[in-house]
Amino acid sequence: MGEEAMGRRAVDLSGAEIRGDVEGRNPPIFLPRQPAASPLLALDIGGTLIKLVYTASCEGDGGGSDGAELRFAKFERRRLQECFEFIRAKGLLGCNGTRSTNENVLLKATGGGAYKFADDFREKLGVYLDKLDEMDSVVSGANFLLQNIPGAAFTHMNGQRNPVDVSPNNLFPYLLVNIGSGVSILKVTGNRKFERVTGTHIGGGTMFGLAKLLTGCKSYDEFLQLSQKGDNFVLDLIVKDICGELVCQKQGLSTSTLASSFGKVITSKKRLTDYKPEDLASTLLSAFTYNIAQIAFLVASLLGLRRVFFGGSYIRGHKSTMENISFAIDFWSQSQMQAVFLRHEGYLGALGALMSYGDLRGENLTLDESKEEPHHESAAPVDGTPSDEENDSNIFPYLLVNIGSGVSMIEVIGKGKFERIIGSHLGGGTILGLARLLTGCSSYEEFLELSQRGNNLSVDLTVGDIYGEEGYPKIGLPASTTAASFGKVNSSKLSDYKMEDLAAALLNSFTYNIGQIAYFVANLSGLKRIFFRGAYVCGHEKTMDKISRSLKYWSKGEVETTFLCHEGFLGTLGAFWSYENMGIDSLAAHEVIREVLLGAPYTGQFPSLPVTEQQENGENNSLEGEVKSLRHENASLKAEIELLQRENAELRANLGAATL
């Protein structure tokens with residue numbers, strides 16, 4: 001392809017603007033100075049969808065050509081043939097004199113599918129794909145919208161959608177959270193200047209994969225429509241369910257505080273078919289959008305960024321999705337951050353690829369080219385060095401992570417000095433709740449035994465599934481890396497999948513997620529050690545192994561991970577310390593955690609244990625005594641809270657600051 005010919009195919013962005021229904025989904029972008037004679041086409045072939053951006057002539061009032069429009073289309077990746085037919089029907093292979101035959105045509109393409117399906121495009125359409133790096137393209141597409149299109153950015157909170165004026169001179173730096181099948185989080189510091197700081201495998205592919213299995217929906221749009229009609233309180237455990245409305249009022253807590261997504265399922269005798277599909281869909285949407293927002297908040301805090309833009313094909317301009325993300329970001333940041341969304345959010349990669357037409361400076365790097373030294377998954381790795389001996393003088397400070405039905409994370413800085421930092425609604429209750437719905441298992445032990453015999457790769461989408469056997473080496477992701485938990489689920493029939501494989505995927509997805517969040521929280525607080533305890537982790541070797549692997553991966557081996565139970569530390573990870581030496585003397589661990597948990601109305605979790613059928617049948621296990629203790633304490637919760645408040649003035653002040 002000659003430079004002269006390529007130059008004639010450049011995109012002219014002068015005067016670009018959105019025309020038509022500005023509130024509609026993906027309206028055309030008018031390019032008044034773009035020649036309409038030669039169409040341009042770029043594709044983003046992701047793990048689930050194929051996104052197309054192309055130019056088309058725009059008729060003027062007199063019937064003549066009046067510039068061009070950027071138009072948008074998408075197809076499911078499994079419907080590749082329909083995509084080919086669309087390209088032919090729109091005449092997007094013609095070059096109007098700049099090419100003599102189709103064999104010389106190069107189409108700009110990004111995404112892992114650009115590599116996997118390059119031969120298909122050559123065989124079916126007679127064109128070659130000029131393969132561009134996905135992250136480069138996504139950032140270029142976002143910058144194009146933010147710098148050139150008025151009204152491209154907006155907020156969506158409390159039912160109100162408001163445009164955001166972004167000055168091109170004051171745009172950088174910002175955090176870009178791209179929600180596709182998985183989630184990539186990028187720190188953008190300029191045009192073509194960015195760093196992928198982290199990502200999460202719990203993204204749109206996870207929501208849609210589980211939605212297929214739980215609701216039988218056939219498309220993501222159908223899932224979103226179902227979620228609009230549902231009530232997540234049918235399955236979610238909230239603060240009111242734990243301590244009652246009277247105690248909530250006394251403590252200034254919202255009765256609807258989310259404690260554990262799918263947490264009610266673990267004590268219910270209902271089966272999957274007893275729940276309404278719309279309630280299941282609503283629960284899935286809230287569970288995962290809140291989780292994505294929480295990770296985005298933690299990463300932005302670590303990097304010192306207040307601009308957080310959200311893009312990706314799984315947002316779809318959906319009101320509840322944007323509301324959930326906006327509320328979560330606003331709450332956790334105490335209104336210091338704002339979630340901002342982008343028009344055409346699902347087409348960032350394809351837009352960036354289209355912008356590369358006519359780029360003669362060589363700045364559009366392909367996947368095979370290197371750009372920078374390998375990035376780190378976080379901005380400030382924890383410098384944790386294990387010591388051979390521990391005592392009162394060097395154990396503090398540390399992060400205590402309690403995994404009950406939900407997850408709570410507490411910073412302990414000395415004896416009797418602790419503060420709840422944050423929590424997560426995706427905890428043991430979520431794992432067991434989903435496990436009961438998907439596999440029918442009646443206890444956590446049965447679930448763990450199932451997971452031991454399963455293969456999560458039967459349902460999880462890997463980087464290799466998207467990019468091929470080479471993986472994504474430019475950003476350090478091998479082919480075996482999980483890209484999207486449950487992202488490989490294609491069938492809506494639960495019977496098409498083995499229970500063991502579903503259990504293995506559940507254990508992987510949520511334990512790795514807990515480990516990731518714990519690392520970010522410890523990193524943000526400058527803590528060198530993380531202690532784990534709780535009914536869903538201690539005593540369960542498989543769970544502890546998964547969390548340990550997660551922490552080792554995220555921290556690159558620099559965080560010390562220890563598991564704590566009433567009997568002491570498990571395994572060979574350290575010596576035994578009593579709770580007194582841990583800084584929470586005179587109080588049982590679960591009492592301290594409970595009091596601290598009730599200090600945050602949005603994410604407060606109570607580490608209650610599930611009453612499983614196994615326990616009801618009187619089978620002995622190591623948690624039986626703790627279960628009985630918690631049952632007794634639930635009955636007298638109000639009195640205990642008042643006692644703890646009187647004894648700990650510092651905690652009372654923290655509680656007052658944290659209430660809504």
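Is Glu76 buried, partly exposed or exposed in this predicted model? Glu76 turns out to be partly exposed, with a relative accessible area of 26%; here, buried means under 20% relative accessible area, exposed means over 50%, and partly exposed lies in between, using a 1.4 Å probe and protein chains only. The model is a predicted one, in which local features need pLDDT of at least 70 and side-chain atom pairs count only at pLDDT 80 or more, while totals for chains, interfaces and linings use all residues. Residues are numbered from 1 along each chain as its sequence is written, and side-chain values use heavy atoms, with hydrogens and water left out.

The chain contains 23 helices and 24 strands, where helices (H or I, at least four residues) and strands (E, at least two) are DSSP runs numbered from the N terminus. Of the 660 residues in the chain, 60% are buried. The accessible surface comes to about 26,100 Å², and carbon and sulfur atoms account for 46% of that surface; these areas come from the Shrake-Rupley method with a 1.4 Å probe, and for residues only the protein chains shown count as cover. Among contacts (heavy atoms within 4.5 Å) with a separation of 6 or more, 72% are between residues 24 or more positions apart.

Next come the charged side chains. The chain has 15 salt bridges, each one a side-chain nitrogen of Lys or Arg within 4 Å of a carboxyl oxygen of Asp or Glu. Glu76, the residue of the opening question, forms a salt bridge with Arg78 at 2.7 Å, N to O. Arg78 is exposed, with a relative accessible area of 57%. Another salt bridge joins Asp44 and Lys51, at 3.8 Å from N to O. Asp44 is buried at 5% relative accessible area, and Lys51 is also buried, at 8%.

Arg453 and Glu500 form a salt bridge too, with their closest N and O atoms 2.9 Å apart. This pair links distant parts of the chain, 47 residues apart: Arg453 is in the loop between α14 (444-452) and β20 (461-462), and Glu500 is in helix α16 (residues 499-525). Arg453 is partly exposed, at 47% relative accessibility. Elsewhere, Asp133, Asp136 and Lys474 belong to one network, joined by salt bridges that share partners.

Beyond its neighbours within four places in sequence, Asp279 contacts Gly230, Asp231, Asn232, Val234 and Leu235.

What about the nonpolar interior? A nonpolar core is a set of buried Ala, Val, Leu, Ile, Met, Phe, Trp, Tyr and Cys residues joined through side-chain atoms within 4.5 Å. The largest such core has 105 residues, and the members touching the most others are Val177, Phe223, Phe310, Phe447 and Phe532. Helix α9 supplies the largest share of this core, 17 residues. Leaving out residues up to four places away in sequence, Phe310 touches a list of residues including Val177, Ile179, Ala296, Ile315 and Phe341. A second, separate core has 74 residues, among them Leu41, Val127, Leu186 and Val463.

Cysteines can be considered as well. The model has 0 disulfides, a disulfide being a pair of cysteine sulfur atoms within 2.5 Å. Cys217 is buried at 0% relative accessible area, and Cys538 is buried at 4%.

Most residues other than glycine have a negative phi, and most peptide bonds are trans. The peptide bond from Phe172 to Pro173, however, is cis, with omega near -5°, and Pro173 is in the loop between β9 (160-163) and β10 (174-179). Phe396 and Pro397 are also joined by a cis peptide bond, with omega about -10°; Pro397 is in the loop between α12 (392-395) and β17 (398-403). Phe262, which is not a glycine, has a positive phi of about 65°. Phe262 is located in the loop between β14 (258-260) and α9 and is buried, with a relative accessible area of 0%. Ser335 likewise has a positive phi, near 65°, in the loop between α10 (319-332) and β16 (338-342).
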